[in-house]
Amino acid sequence: MKKDLMEYQEAVNVFSALKEEPAFMLALRQQALAKINELALPQIERAKFHRWPLLAIDEDVLNGQETYSENVASFDQIDNHPMFVQQDSQTIFEQLPQHLIEQGVVFTDLFTALQEMPELVEQYLMTKAVPFDENKLTAAHMAFLNSGMFLYVPKNVVVEEPFEAIFYHNGDSKAHFYKHLLIVADTNSELNYLERFISQGKAAKEIAGNIVVEVIAKEGAKVKYSAIDQLGENVAAYMNRRGYLMRDASIDWALGVMNDGNIVADFDSDLVGVGSHAEVKIVAISAGKQVQAIDTRVTNKASYSVGHILQHGVIREKGTLTFNGIGHIIKGAKQADAQQESRVLMLSDQARGDANPILLIDENEVTAGHAASVGRVDPEEMYYLMSRGLKKADAERLVIRGFLGGVLTAIPIKTVQQELVDVIEGKLNA
């Protein structure tokens, strides 16, 4: 019989003690644990994920008995830019140039930050972007998170070098993969951030993943956030990335959803400050019997705020991909702008795709619009390319490149563009 999550209370207390967490963190865990049974699962339109093992918690991890793989991930240190590497819950590499340390920049393990700067973490951890009691999965995340990262860029600091974070998942591990990433860009700061989730190895048993990313962009801050997700087929995951944007702040999101397992995701931007601006660009590929359902939401809560969503996806074989694009202009957000485009290309008769535009407008004097389509490769395009001597597979690949190109070219960092192109090629050739 499935264990009631409330029975993990002692294990949660033990884990918190082992990590030497401050009192506020243990209190948050206990509050979240007490809320789990009361809360509902998040609503992801047209996605059936209630039977996925998203709440399968490994008690050995909480009791400090997790075993680690001897096959530690390898990586190349190319230059002196800020870098952070984590293998499951073990941080295996940190690099931060001295001039950034002297300016007060922090780029470290979440548990280190909790010990060394608890007041700073307490101010933002699941208090502004993602409330821990928002739904059953955010509460479980707070109660059972077992690893994470903290990035802080102080007021008026402009960081030219990209921050690079790599999170390896050992596919042989039976441990739950609950990771929290907290990024705070203080007033008038600027940063570029590149994130990767990569599974290594393969296991027969499906495990639970629960990843929450909070990006706090304070007044006038500018954040460019890029991510490439490549979690393995044995990871059933809930992914929640959310920006909290204050006055004149901006976040430019570029997300490559290239997982092999079943994923439900919330990719959200809350425009709480006047003149705040979010650009969300997503490319996704589903294949095999994989299910990926993505809610992308921009909520204009302030006047003159701008939120744009651009997402394109490709489905192979018997895969399923759902894009729910949600633009919500709250009453009082005059002169706000909410635009979205969601398009899905199916490469198989057995593929299933949805592109669902949703506009919720509670104010006058605003601009809003949407475009959505689900379709197959145009036979005329294929005929034209094949008549020029291309094989069917090569012609199809060119069509897909063109289809995804509108999103890829909008990604602000050229190196991320090329890396994502390479990952897409690998997915299409698999």
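How many helices and strands are there in the protein? The predicted model contains ten helices and 19 strands, where helices (H or I, at least four residues) and strands (E, at least two) are DSSP runs numbered from the N terminus. The radius of gyration is 21 Å, close to the 22 Å that the globule rule gives for 430 residues, so the protein is as compact as a globular protein of that length. The radius is taken over C-alpha atoms, and the globule rule is 2.2 Å times the number of residues to the power 0.38. Along the principal axes, the C-alpha trace spans about 65 × 50 × 50 Å.

Residues are numbered from 1 along each chain as its sequence is written, and side-chain values use heavy atoms, with hydrogens and water left out. Because the model is predicted, local features need pLDDT of at least 70 and side-chain atom pairs count only at pLDDT 80 or more, while totals for chains, interfaces and linings use all residues.

Of the 430 residues in the protein, 59% are buried. Buried means under 20% relative accessible area, exposed means over 50%, and partly exposed lies in between (1.4 Å probe, protein chains only). The accessible surface comes to about 17600 Å², and carbon and sulfur atoms hold 48% of that area. These areas come from the Shrake-Rupley method with a 1.4 Å probe; for residues, only the protein chains shown count as cover. Among contacts with a separation of 6 or more, 82% are between residues 24 or more positions apart, a contact being heavy atoms within 4.5 Å. The protein carries 40 positive and 59 negative side chains, and the centres of the two sets lie 7 Å apart. Lys and Arg count as positive and Asp and Glu as negative, whereas His and the chain ends are not counted. The place of a charge is taken as NZ of Lys, CZ of Arg, CG of Asp or CD of Glu.

Helix α8 covers residues 379-387, and Asp378 caps its N-terminal end. A side-chain oxygen of Asp378 lies 2.9 Å from the backbone nitrogen of Glu380. Just after α8, Gly389 takes a positive phi of about 100 degrees.

Strand β14 (residues 291-300) includes Asp295, which is buried at a relative accessible area of 6%. The side chains of Asp295 and Asn324 are joined by a polar contact of 2.7 Å. A polar contact is a pair of N or O atoms within 3.5 Å; within protein, one must be able to donate a hydrogen and the other to accept it, and residues adjacent in sequence count only if both atoms are side-chain atoms. Leaving out residues up to four places away in sequence, Asp295 also touches others, including Gln43, Glu45, Asp266 and Ile326.

Strand β15 (306-315) contains Ile309, a buried residue with a relative accessible area of 5%. Ile309 and Gln340 are 31 residues apart in sequence, and their C-alpha atoms are 4.4 Å apart in space. Among the residues that Ile309 touches, not counting those up to four places away in sequence, are Val280, Thr296, Val298, Ile326 and Gln340. In strand β18 (residues 352-361) lies Gly353, which counts as buried at 18% relative accessibility. Apart from neighbours within four places in sequence, Gly353 is in contact with Ile315, Leu321, Val344, Met346 and Val374. The C-alpha atoms of Gly353 and Gly313 are separated by 8.8 Å, and the two residues are 40 apart along the chain.

Asn234 is in the loop between β9 (222-230) and β10 (235-245) and is buried, with a relative accessible area of 3%. A polar atom of the Asn234 side chain lies 3.3 Å from the backbone oxygen of Gly171. Most residues other than glycine have a negative phi. Asn156, in the loop between β4 (147-153) and β5 (163-170), has a positive phi near 65 degrees. Asn156 is exposed, with a relative accessible area of 51%. Tyr304, in the loop between β14 and β15, has a positive phi of about 60 degrees although it is not a glycine. Tyr304 is exposed, with a relative accessible area of 53%.
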